[in-house]
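Please examine the fold displayed below before reading on. The paragraphs that follow treat the sheet, the aromatic rings and the pockets in turn.

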Amino acid sequence: MKLQGKTVLVTGAAQGIGRGIALRLARDGANIALLDLNREKLETVREETEALGRKACVITADVSKRDEIRAAVDRAESALGGFDVMINNAGIAQVNPIASVTESEVDRILDVNIKSVIWGMQAAAAKFIARGHKGKIINACSIAGHEGFAMLGVYSATKFAVRGLTQAAAREYAGAGITVNAYCPGIVGTDMWLEIDARFAELTGSGKGETYRKYVDGIALGRAQTADDVAALVAFLSSEESDYITGQSILTDGGLVYR
């Protein structure tokens, strides 16, 4: 197993892509610290992880709070006996035209999608350095971090920010042997996309499922993405096979955005 004996912390692990990442990395041999706000769902993922023969711990925390992320990294280390990979997966979507977005909406998405990445990188890098070994930081970006989408302007801005932070951190931490990369999913069949589709329908008058189908129809490989598709890239970035890759925000979208 490529990640045998490694300890990985996954934020936003209670469902969707985060759950898919946690279970894939567990299948690859890692012990998993599962972080989210929904403890009940986290406990289910913990049971699924342990059923794969791996150790797991549950951490409830607000990713937008710096102290809570630092405490979560400490908890992962103490509970699982190490710390090797930080996956800053937690994030929220927001569908609103730029003309209508409110201050509170902007504040909320900046807190979750940008601040959490900064706090996660800080805490993980400090822990790797304190432990005296190399480590990997992997951030959640998006196709919207490579191309701005109408009605997703502020969300796109947060994901462009993640790309910039990933590049800057890769340069800053390279000397410590820490790699920093990001994964950029496209149209994933998760609850988040159900919410996005419903909001597009509300704003544009399109039918239920119409926006989702429109984007899926534009995918070269002809189908929507699954959480497992995303997790496969994250598993590679978590492994030693990616040791010479840093500062990259890699598209995994089936052929929708090309860079």
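Seven strands form an open sheet in the order 3-2-1-4-5-6-7, and their pairing is parallel. Here strands (E, at least two residues) and helices (H or I, at least four) are DSSP runs numbered from the N terminus, and two strands pair if DSSP finds at least two bridges between them. Strand 3 (56-60) and strand 7 (249-252) are at the edges with a single partner strand each, so one side of each has no neighbour in the sheet. From one strand to the next, the twist averages 20 degrees. Such angles run from 0 to 180 degrees between N-to-C directions, with axes fitted to C-alpha atoms, for helices over the stretch in contact.

This is a predicted model, in which local features need pLDDT of at least 70 and side-chain atom pairs count only at pLDDT 80 or more, while totals for chains, interfaces and linings use all residues. Residues are numbered from 1 along each chain as its sequence is written, and side-chain values use heavy atoms, with hydrogens and water left out.

Within the sheet, strand 1 (residues 7-11) and strand 4 (residues 85-88) run parallel and are joined by 3 bridges. Val10 stands opposite Ile87 of strand 4. Helix 2 (residues 39-51) packs on the sheet, where this helix touches strand 2 and strand 3; contact means heavy atoms within 4.5 Å. The direction of helix 2 makes about 170 degrees with that of strand 3.

The whole structure contains 2 aromatic pairs. Rings of Phe, Tyr and Trp (its six-membered ring) pair if their centres lie within 6.5 Å; planes under 30 degrees apart count as stacked, over 60 as edge-to-face and the rest as tilted. The ring centres of Phe149 and Tyr215 are 6.1 Å apart and the planes are at 70 degrees, so this pair is edge-to-face. Because Phe149 lies in the loop between strand 5 and helix 5 and Tyr215 in helix 7 (residues 210-217), the pair ties together parts 66 residues apart in sequence.

The largest pocket has a volume of about 1,000 Å³. A pocket is an open set of points on a 1 Å grid where a 1.4 Å probe fits, with protein on both sides within 12 Å along at least five of seven lines; lining residues have an atom within 4 Å of a point. The volume is the space filled by probe spheres set on the points, which are joined across faces, edges and corners. Of the 43 lining residues, Ala90, Gly91, Ile92, Ala93 and Met192 are the closest to the centre of the largest pocket. Helix 6 gives the largest share of this lining, 5 residues.
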